[in-house]
Amino acid sequence: MNTLSYKTVSANKKTVNKEWVVVDAQGEILGRLTSKIASIIRGKHKPGFTPNVDCGDNVIVINADKVKLTGNKFSDKQYVSYTGYPGGQRFISPKELMAKFPERVIEKAVRGMLPKNRLGRAIYGNLYVYAGAEHPHAAQNPKTI
């Protein structure tokens, strides 16, 4: 048996093949959609996945304003932020957030599914979310999922 053919190959920044992918969020459920997006951004769908390297694809999400939340989450769920001042804790529901910034609902959900370290922060930069059906990344020739 030839044991040289069983070497484990670890990807690095130079050998990674990054692609561009478009995901349409129209009518999709938020959690199910964002878990798939987080997996694609991380690169877990590729056979050469390496946990300590940014080997995922760049993801463009369109129609972010048409995403669904099941149950009463649209009005009952709350996102918590803190201003840094005493008494500065702020709460906002997805209903209010969708009215102001519809992209941020998907961004917050995906960010929570990525690693909480410097690699996770770098991978988060590969996500592009747009409220409408148009996006400015046509030059990258993204494939649609």
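Start with helix α4. Its buried residues pack against α1, β2, β3 (79–82), α3 and β5. The model shown here is a predicted one. Which residues of α4 are buried? They are Val105, Ile106, Ala109 and Val110. Seen down the axis of α4, these buried residues fall within an arc of 120 degrees, so they line one face of the helix. An α-helix has 3.6 residues a turn, so residues three or four places apart point the same way.

Now turn to the nonpolar core. The largest one holds 27 residues. Which of them touch the most other members? Ile37, Ile106 and Leu127 do. Several elements give two or more residues to this core: β1 (20–24), α1 (30–42), β2 (58–62), α3 (94–100), α4 (103–113), α5 (118–124) and β5 (127–129). The largest share comes from α1, with 6 residues.

Take a look at Ile37. Leaving out residues up to four places away in sequence, Ile37 touches Val23, Val59, Val61, Val110 and Leu127. Val110 is one of the buried residues of α4. Leu127 is, with Ile37 and Ile106, among the core residues that touch the most other members.

Lysine 46 sits in the loop between α1 and β2. Why does lysine 46 count as buried? Its relative accessibility is 19%, and buried means under 20%. What does lysine 46 contact, apart from its neighbours within four places in sequence? Its partners are Asn17, Lys18, Cys55, Gly56 and Asp57.

Key: Residues numbered from 1 in each chain as written. Predicted model: local features only at pLDDT ≥ 70, side-chain atom pairs only at ≥ 80, totals over all residues. Heavy atoms only, no water. Core = buried A, V, L, I, M, F, W, Y, C linked by side-chain atoms within 4.5 Å. Buried < 20%, exposed > 50% of the residue type's maximum accessible area, 1.4 Å probe, protein only. Helix = DSSP H or I, 4+ residues; strand = E, 2+ residues; numbered from the N terminus. Contact = heavy atoms within 4.5 Å. Arc of directions from axis to C-beta.
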